[in-house]
Amino acid sequence: MSEQEGGRDSFSNKFGVIAAAAGSAIGLGNIWRFPYVAGENGGGAFLMLYLLFILAIGVPVMLSELLIGRKAQLNIFGAFRKLAPGSYWPLVGIMGVGAAFMILSFYSVVAGWTVEYTFYAIANQFAGESPEGIKAIFDELTAASWRPVVFMLLFMALSAFIVRSGVKKGIERYTKVLMPLLLVILVGLIFRSLSLDGAMAGVDFLFRPDFSKVDTNTILEALGQAFFSLSLGMGVMATYGSYIKKKESLGKTAISVSLTDTLIAVLAGLAIFPAVFSFGLEPGQGPGLVFITLPGIFNQMAGGYYFAIFFFVLLVIAALTSSISLLEVVVAYFVEELKMKRSTATWLAAGIMSALGVVCALNGAVFSFFDRTSSNILLPLGGLLIVLFVGWFLGKQVVRDELEADGRVAFYFRWFVPVIRVLAPIAIALVFLNGLGLLRF
Ligand code: TRP
């Protein structure tokens with residue numbers, strides 16, 4: 001147990017905090033979603049918008065969330081109840097818990113595909129298949145049948161197993177090993193990908209902006225991707241913030257987590273696009289990009305059998321360290337607000353999510369409804385309310401106290417307050433309304 005008041009569990013040190021928070025941020029969002037969304041939105045131009053949103057909006061929202069959690073020392077609903085008693089603010093917490101159910105339901109389905117692909121890779125199932133053959137395997141896998149359900153359940157059970165063990169003995173212990181491993185595998189893949197013939201066309205695509213592909217929808221997609229990728233807007237970072245000790249610097253945490261997350265997304269792009277171009281494939285083919293393109297690439301590569309296994313194991317790891325953060329939001333809420341035992345709370349939350357996950361696995365319309373509603377509506381809305389809460393409701397003094405380390409107020413305090421009071425809310429609101437078609441400019 002930690003030395004913090006109330007005997008709450010906590011991360012043991014700075015590396016533990018960063019491994020867990022970066023583990024949450026880095027996931028299918030970076031390796032599966034980022035390359036295909038970037039591929040559909042012109043590559044380099046999308047990347048530039050995305051980087052801008054990460055820096056100007058993502059970092060301040062993340063810092064605000066961490067701050068709420070650490071100040072309150074409670075789950076996301078309890079935090080608002082404690083910091084703003086008798087107000088409507090706790091509804092933001094309810095929205096966050098609801099979003100966690102929604103996101104993990106479809107997320108665990110995609111994660112289930114990665115588990116199934118790992119087994120295919122081990123069994124050398126893709127060997128000798130044409131691109132059409134691989135597409136058929138993917139289509140068959142995602143079509144309504146019992147197999148995606150089984151692998152989704154397997155993945156959910158794995159997440160529940162880790163979360164049940166607690167923050168230090170579960171989440172921190174596993175993320176500390178899994179995250180560095182992920183980086184090593186990814187770097188290995190990049191070397192392989194960059195050494196292919198014609199790889200430079202992929203590098204070009206990723207880094208040379210083509211602004212003719214940018215429209216208002218691209219801008220909302222870039223913001224939605226920034227929120228999704230950094231795990232913002234629904235209480236993951238607030239919940240993890242509540243396990244961070246007072247002596248740790250929240251600003252440094254927010255910045256290192258955001259930079260690491262962005263780095264991994266760019267590295268994933270560097271592993272994938274050179275190979276896509278080298279083999280003359282289409283970068284804008286949608287969610288199948290990783291699942292359809294890559295096995296074909298591994299097929300034609302020397303040592304492809306091993307690279308395939310490594311890659312899909314990497315995806316499973318990335319998905320796992322993210323899904324446990326989503327599960328933890330709900331578990332912390334059940335334990336602290338509904339007074340459940342941790343193990344009961346974990347299995348109940350995972351059970352409800354699995355039931356919803358079955359629906360997502362069998363029904364593509366529900367799957368995309370959950371995906372779109374959460375990323376493009378709930379997360380930006382949650383992020384907007386969170387910065388307004390910290391900027392206007394909690395106020396300067398509380399922010400100042402939380403940003404103080406070793407008796408010194410952090411240097412960024414001076415710009416952080418105006419950013420979360422004015423700049424970030426206006427930016428989020430504009431992009432959001434514009435993307436929803438409620439405001440055109
Ligand atoms: N950020 C993770 C990814 O990139 C997914 C994720 C985990 C998430 N927790 C979240 C997304 C909370 C939104 C909100 O894959």
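**Cavities, ligand contacts and a bent helix**

Four helices, α1 (14–25), α5 (90–122), α10 and α14 (304–337), each contribute at least two residues to the lining of the largest cavity. Colleagues, please keep in mind that this is a predicted model. Among the contributing helices, α14 provides the largest share of that lining, with 3 residues.

The volume of the largest cavity is about 140 Å³. It is lined by 16 residues, and Ser24, Ile103, Phe228, Ser231 and Leu326 are the closest to its centre. In terms of class, this lining comprises 10 nonpolar and 6 polar residues, with no charged residues.

How many cavities of 30 Å³ or more does a search of the whole structure find? The search returns 3. The second largest cavity holds about 80 Å³ of space. Its lining includes Leu189, Ser193, Ala271, Phe298 and Phe311. Helices α8 (167–194), α12 (250–278) and α13 (289–300) are the elements that give two or more residues to it. Here the classes are 10 nonpolar residues, 1 polar residue and no charged ones.

I turn now to the ligand. There are 17 residues around the ligand, and Ala25, Gly29, Tyr107, Phe228 and Ser231 come nearest. Phe228 and Ser231 were also named among the residues closest to the centre of the largest cavity. A backbone N or O atom of Ala25 lies 2.9 Å from a ligand oxygen atom, and a polar side-chain atom of Asn30 lies 3.3 Å from an oxygen atom of the ligand. On the nitrogen side, a ligand nitrogen atom is 3.4 Å from an N or O atom in the side chain of Ser325.

Next, the largest pocket. This pocket contains about 350 Å³ of space. Of its 17 lining residues, Arg33, Tyr36, Glu221, Asp371 and Arg372 lie nearest the centre. The lining divides into 7 nonpolar, 5 polar and 5 charged residues. Helices α2 (28–40), α10 (216–229) and α16 each supply at least two of the lining residues, and the largest share, 6 residues, comes from α16.

That brings me to α16 itself, which covers residues 364–402. What separates the end C-alpha atoms of this 39-residue helix? They are only 44 Å apart, whereas a straight helix would reach 57 Å at 1.5 Å a residue. At Gly395, α16 bends by about 110 degrees. The N-terminal end of α16 is capped by Asn363, with a side-chain oxygen 2.9 Å from the backbone nitrogen of Ala365.

Conventions. Residues numbered from 1 in each chain as written. Predicted model: local features only at pLDDT ≥ 70, side-chain atom pairs only at ≥ 80, totals over all residues. Heavy atoms only, no water. Expected span 1.5 Å × (residues − 1). Bend = angle between axes of the 7 residues up to and from the residue. Polar contact = N/O pair within 3.5 Å; in protein donor to acceptor, adjacent residues only side chain to side chain. 1 Å grid on protein atoms, 1.4 Å probe; cavity = no way out; pocket = protein on both sides within 12 Å on 5 of 7 lines; lining within 4 Å. Points joined across faces, edges and corners; volume = space filled by probe spheres on them. Nonpolar A, V, L, I, M, F, W, Y, C, P; charged D, E, K, R; others polar. Near = heavy atom within 4 Å.
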